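I opened a new notebook page for this chain.

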Amino acid sequence: MGYSLGIDIGGTNIAAGVVDENFNIIAKSKVKTNADRGYEAVLKDIAISGELAVKEAGLKLSDMDRVGMGCPGTCNPESGLVEYSNNLRWENVPLQKYVGAALGLTAYIENDANAAALGEFYAGAARGSRNAVIITLGTGLGAGIIIEGRLFSGSNHAGAEIGHTVINVDGEECTCGRRGCFEAYCSATALVKFTKRAIESNPASVMVQIAEQEGKVSGRTAFNAAKLGDVAGQEVVDVFIKNLACGIINTINIFQPEILCIGGGVSNEGDTLLNPLKDRISKEIYSKNSAHNTGIALCRLGNNSGIIGAALLGRQFEHNG
């Protein structure tokens, strides 16, 4: 049986896993990123995380066919460099060369959202499709686009930044410097921000009690309050879904994928999120009368999508050149 090593590099943790040919993770490891130490120290720990996962699987590095890594930022799969990563504060870091040499394996790199999309495409909610978009609602709003079975990242490896398309001109300020970005309205970070604003304006809201019980305001706060009949909580949810639908409709109108999958912590709301979202999308998409409209689904792999997708990066390059 063939095995591949997948490593998901995040701003907080580095998660590695051994993935078999049926896309199952048979062993995992996790170490802290601690990016403030500088990239050399982080690269060493990335390699160590891979070694730990292989050891946990009861295997040897020589049993691995390859290693793939998903990293935040602009990753150039051709040069092997992480050209820029705001989260890690990296510029032109030789991730592929270093980790490949340290582990003695052929190495591949890709943006982390793209890698996660590849995981869902091969082993998750988008399996069986040829054209798919995967959107992740997390700290930011990440996305991966797959066209005819291939990851799309543009001519400069910085494409698929759906989160930085504008849904409200001159709207909320985004971390990218623009105003009104999809990410500024529909990331989990944005949802928390809008929930806090609603709590300040509605001190009698059930959201106040929920936040006190949990010790913080989270992406669940407004949804949980809405389920209890709280008017202010329901308003936050309704506006969030309206904005999410707007960004998704724009995306569907451009790409018309077979399926669009939604991941990240907010997707755990399930049908509470999905049903009203589908209803809005079906009424507003340009192709509303088509019998082949885009399916809307929730991602299935959770936090494992990045590891599985990274392990499968070599399949994209080796099979398609």
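I take helices (H or I, at least four residues) and strands (E, at least two) as DSSP runs, numbered from the N terminus. My residue numbers start from 1 along each chain as its sequence is written. The model is predicted, so local features need pLDDT of at least 70, side-chain atom pairs count only at pLDDT 80 or more, totals for chains, interfaces and linings use all residues, and side-chain values use heavy atoms, with hydrogens and water left out.

**Entry: the sheet**

I looked up the open sheet and found five strands in the order S3-S2-S1-S4-S8, with mixed pairing. Two strands pair if DSSP finds at least two bridges between them. The edges are strand S3 (25–32) and strand S8 (107–111), each pairing on one side only. From one strand to the next, the twist averages 20°.

Next I checked S1 (residues 3–9) against S2 (residues 13–20). They run antiparallel, joined by seven bridges. Glycine 17 in S2 stands opposite glycine 6. Helix H1 (residues 39–56) packs on this sheet and touches S1, S2, S3 and strand S4 (64–71). Contact here means heavy atoms within 4.5 Å. The direction of H1 makes about 150° with that of S3. For such angles, axes are lines fitted to C-alpha atoms, for helices over the stretch in contact, and the angles run from 0 to 180 degrees between N-to-C directions.

**Entry: two hairpins**

S5 (residues 74–76) and S6 (residues 81–85) run antiparallel over three bridges. Threonine 74 faces tyrosine 84 there as its opposite residue in S6. Four residues lie between these strands, and glycine 80 takes a positive phi near 80°.

S6 also pairs with strand S7 (residues 90–93), antiparallel, over three bridges. Serine 85 has tryptophan 90 in S7 as its bridge partner. This hairpin has four residues between its strands too, and arginine 89 takes a positive phi near 60°.

**Entry: charged pairs**

I counted a salt bridge when a side-chain nitrogen of Lys or Arg is within 4 Å of a carboxyl oxygen of Asp or Glu. The count comes to ten salt bridges. For burial, I used under 20% relative accessible area as buried, over 50% as exposed, and partly exposed in between (1.4 Å probe, protein chains only).

Arginine 37 pairs with aspartate 45, with the closest N and O atoms 2.9 Å apart. Aspartate 45 is buried because its relative accessibility is 18%. Arginine 37, at 40%, is partly exposed.

Arginine 280 and glutamate 284 meet at 3.6 Å, N to O. Both lie in helix H9 (residues 271–284), four residues apart, about one turn of the helix.

Glutamate 172 pairs with arginine 197, the closest N and O atoms being 2.8 Å apart. Glutamate 172 sits in the loop between strand S11 (150–152) and H4, and arginine 197 in helix H5, 25 residues apart. Glutamate 172 is buried at 17%.

**Entry: glutamate 183**

Does glutamate 183 count as buried or exposed? Glutamate 183 is buried yet has no salt bridge. The nearest side chain of opposite charge, lysine 193, is 9.8 Å away. Here Lys and Arg count as positive and Asp and Glu as negative; His and the chain ends are not counted. Glutamate 183 belongs to helix H4 (residues 182–186). A polar atom of its side chain lies 3.0 Å from the backbone nitrogen of leucine 141.

**Entry: asparagine 202**

I found asparagine 202 in the loop between helix H5 (188–201) and helix H6 (206–214). Asparagine 202 is partly exposed, at 32% relative accessibility.

Notes:
A polar contact is a pair of N or O atoms within 3.5 Å; within protein, one must be able to donate a hydrogen and the other to accept it, and residues adjacent in sequence count only if both atoms are side-chain atoms.
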